[in-house]
Amino acid sequence: AGHPLMDGEHPLGDLAPRDVVARAIWRARRAGRRVFLDLRFRPGRELPERFPTVHAACVAAGIDPLHEPVPVAPAAHYHMGGVATDLDGRSSVPGLWVVGEAAATGLHGANRLASNSLLEGLVCGLRAARAIGSATAAAAAPRTLVEYTRAAGDDDPAALARLRAAMSAGVGVERDEQGLAAAISELQAVRSASGTDSAAGSAATAGILIATAAWLRRESRGGHYRRDFPLAPAGTRRRYFLTLDEIEAQAATLAPDAAPQAVAC
């Protein structure tokens, strides 16, 4: 309709933090409106050269971004700063190094910032590579090898679709207690039906970790936004470290009829 989406949403308008923009898009789409990104004038003709991947993705979807606005949808950075590591990216699981947004190195905060990602990749990525390169074969190889990458035919499309729907609905850019509890219950049901060693079961376990941690954090901070707790109280910043067993125990209280299966981690 030509109405600037971010008018009245934030003093920086379209340059507001990405979680603020994502929530504005989310609310507009939930109200039945469509949201577009207009690239025709800026960067305009420079788009294919400056952003070749974006341009190619639009063309592949049948959209000509040089002549028409691009429909957009919000995406959630479900989790940032997740797995505890040492300064070389080494986790407590033998053979598992973690870098980037998935690692709890202290370089990522509560929000998704491009500069943090660059720092994480340049510093922790290099340190992890050096550590892996100098590790002995015994230290570099996991004690138990679990094949997470399977042929597409081994996946369960219906189970993965249920999982994605549950995460989008309850653990997306806006969250609340009821939605998170419903998502946890659905994810437990998916895992129970699929088995913990399946692709869908492994993904459901990760979803349960994220959703339960979000349910426990009753505040809004960075990319984690709770409709029922919209503020980040002053003086309450702290990090939480939770084991899989602790998360499972919390999740079981939310969905007692879906007892979690044992998961090796």
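Predicted model: local features only at pLDDT ≥ 70, side-chain atom pairs only at ≥ 80, totals over all residues.
**Overall make-up**

The protein contains nine helices and four strands. Read from the N terminus, the order of elements is α-β-α-α-β-β-β-α-α-α-α-α-α. Of the 265 residues, 33% are buried. The accessible surface amounts to about 15900 Å², and carbon and sulfur atoms account for 58% of that area. Taking contacts between residues at least 6 apart in sequence, 56% link residues at least 24 apart.

**Helix α6**

Helix α6 covers residues 157–170, which is 14 residues. From first C-alpha to last, α6 spans 20 Å, close to the 20 Å expected at 1.5 Å a residue. At its N-terminal end α6 is capped by Asp 156, with a side-chain oxygen of Asp 156 placed 3.1 Å from the backbone nitrogen of Ala 158.

Which residues of α6 are buried? They are Ala 159, Leu 160, Leu 163, Ala 166, Met 167 and Gly 170. Because these residues cover an arc of only 125° around the axis, they sit on the same side of α6. Their packing partners are α7 (177–194) and α8 (199–216). The other side of α6 carries the exposed residues Pro 157, Ala 158, Arg 164 and Ala 169.

Ala 165 also belongs to α6. Along the chain, Ala 165 and Glu 186 are 21 residues apart, and their C-alpha atoms are separated by 9.6 Å.

**Arg 221**

Arg 221 is found in the loop between α8 and α9 (244–254). Is Arg 221 buried or exposed? Its relative accessible area is 17%, so Arg 221 is buried, the cut-off for that class being under 20%. The side chain of Arg 221 forms a polar contact with the side chain of Glu 219, at 2.9 Å. Setting aside neighbours within four places in sequence, Arg 221 is in contact with Ala 110, Ala 232, Pro 233, Thr 236 and Arg 237.

**Distances**

The separations quoted above are collected here.

| Pair | Atoms or groups | Distance |
|---|---|---|
| Asp 156 and Ala 158 | side-chain oxygen to backbone nitrogen | 3.1 Å |
| Ala 165 and Glu 186 | C-alpha to C-alpha | 9.6 Å |
| Arg 221 and Glu 219 | side chain to side chain, polar contact | 2.9 Å |

Methods:
Residues numbered from 1 in each chain as written. Heavy atoms only, no water. Helix = DSSP H or I, 4+ residues; strand = E, 2+ residues; numbered from the N terminus. Expected span 1.5 Å × (residues − 1). Buried < 20%, exposed > 50% of the residue type's maximum accessible area, 1.4 Å probe, protein only. Arc of directions from axis to C-beta. Contact = heavy atoms within 4.5 Å. Polar contact = N/O pair within 3.5 Å; in protein donor to acceptor, adjacent residues only side chain to side chain. Areas by Shrake-Rupley, 256 points an atom, 1.4 Å probe, with all protein chains shown as cover.
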